[in-house]
Amino acid sequence: MDASIASPTMKEVTQKAWNKRPLIISGPCSAETEEQVIATATGLAATGKVDVLRAGIWKPRTRPGSFEGIGTKGLPWMQAAKRITGLPVAVEVATAKQVEDALHFDVDILWLGARTTVNPFSVQEIADALRGVDVPVLIKNPINPDLELWIGAVERVAKAGIKQIGLIHRGFSSYGNTEYRNAPMWHLAIEMKRRYPELMIINDPSHICGRRDILQEVAQKAIDLDFDGLIIESHVDPDHAWSDAKQQVTPERLGEMLGNIRWRKEDVASEEYHAALEKLRQQINQLDDELLQIIGQRIKVAEKIGQYKKDNNITILQTNRWNEILERAFAKGDKLGLSKEFITKYFDAVHMESINHQNKIMNS
Ligand code: PEP
Ligand code: MN
């Protein structure tokens with residue numbers, strides 16, 4: 001071999017993957033056996049669409065008794081999979097010892113799980129273990145919809161000197177049976193993007209969906225919302241996976257899914273397109289201004305009603321009237337193609353604002 005054409009180091013391969021858009025990470029929820037890890041990794045590499053191999057080595061399970069991860073002995077399997085496929089590997093860490101073990105076995109990218117981000121003590125312990133280490137770190141959103149906790153974890157890891165930090169949006173848990181295993185609450189991910197435009201954010205449709213049949217549509221939505229990539233669980237034999245069996249797909253199916261996604265560009269150069277878009281955006285601004293004007297007028301009328309209620313000493317909230325307003329709005333909204341869900345949220349907000357204004361008047 002010509003020594004002058006040195007093959008890239010694993011650090012360089014990892015850097016290239018980290019900077020690639022869309023960044024695609026895939027692999028089993030859990031490493032189970034060496035054969036399973038290698039077969040999955042080989043299948044993923046064969047798709048030509050995956051940049052990083054993931055696997056859980058230590059699994060933070062909600063209840064004891066289920067499979068809690070193969071532990072440190074799985075790390076050499078990841079090394080072997082990396083040797084065979086050339087893919088950098090990513091593993092979840094939840095303690096200082098796990099950070100140490102993962103780095104000892106050359107894990108290329110670390111991630112903090114949702115059950116870790118939620119706990120500042122754990123995050124700080126990991127951050128301390130990362131001091132002086134040069135490794136990219138991905139941080140999943142906390143299990144509860146609390147942006148401050150997510151931000152706090154980013155800050156702790158950044159303060160430890162980690163330069164490459166990315167976010168994973170994996171949804172938020174809620175009580176009871178819902179369509180999703182973890183509600184996506186897209187607005188929270190969008191708010192993180194707005195606050196930290198320099199941080200990469202990828203989407204984890206597997207843990208949002210909890211099932212295979214809606215993975216594709218959630219992945220598509222993330223791409224439509226300009227996410228930087230996806231992390232999706234895959235397994236050579238998903239039905240027999242030791243954890244998260246319902247949401248995993250074979251490497252072949254993953255390849256198909258990625259092939260079906262309509263990848264979007266954030267921006268295009270064409271002047272014509274920009275001019276057309278600018279015109280439409282001006283219309284939106286104009287309409288937003290008018291909406292606010294009208295809402296302002298509505299509040300003024302509500303204040304007059306407040307004064308009247310005060311003079312006659314009657315309560316602010318009158319349930320019958322409120323139901324009548326909503327019913328009218330549902331009917332009208334339906335004709336305009338506005339969902340009942342939107343009408344409810346919108347009127348709740350407007351109504352609450354009216355009540356607050358009336359409250360001030362009643363008690364002035
Ligand atoms: C996982 O990625 O397998 C995992 C445990 O995810 P989360 O932390 O999002 O629950
Ligand atoms: Mn999982």
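Asp 244 is buried at a relative accessible area of 15%, where buried means under 20%, exposed over 50% and partly exposed in between (1.4 Å probe, protein chains only). The model is predicted: local features need pLDDT of at least 70 and side-chain atom pairs pLDDT 80 or more, while totals for chains, interfaces and linings use all residues. Side-chain values use heavy atoms, without hydrogens and water, residues are numbered from 1 along each chain as its sequence is written, and chains are lettered from A and ligands numbered from 1 in written order.

Cys 29 lies in the loop between β1 (23–27) and α2 (34–47) and Asp 244 in the loop between β8 (229–233) and α11 (251–260), so the pair ties together parts 215 residues apart in sequence. Helices (H or I, at least four residues) and strands (E, at least two) are DSSP runs, numbered from the N terminus. Cys 29 is buried too, at 2%.

The model has 18 salt bridges, each a side-chain nitrogen of Lys or Arg within 4 Å of a carboxyl oxygen of Asp or Glu.

| Salt bridge | N to O distance |
|---|---|
| Arg 131 – Asp 128 | 3.4 Å |
| Asp 224 – Arg 264 | 2.5 Å |
| Glu 324 – Arg 321 | 3.0 Å |

Glu 324 and Arg 321 both sit in helix α13 (residues 319–335), 3 residues apart.
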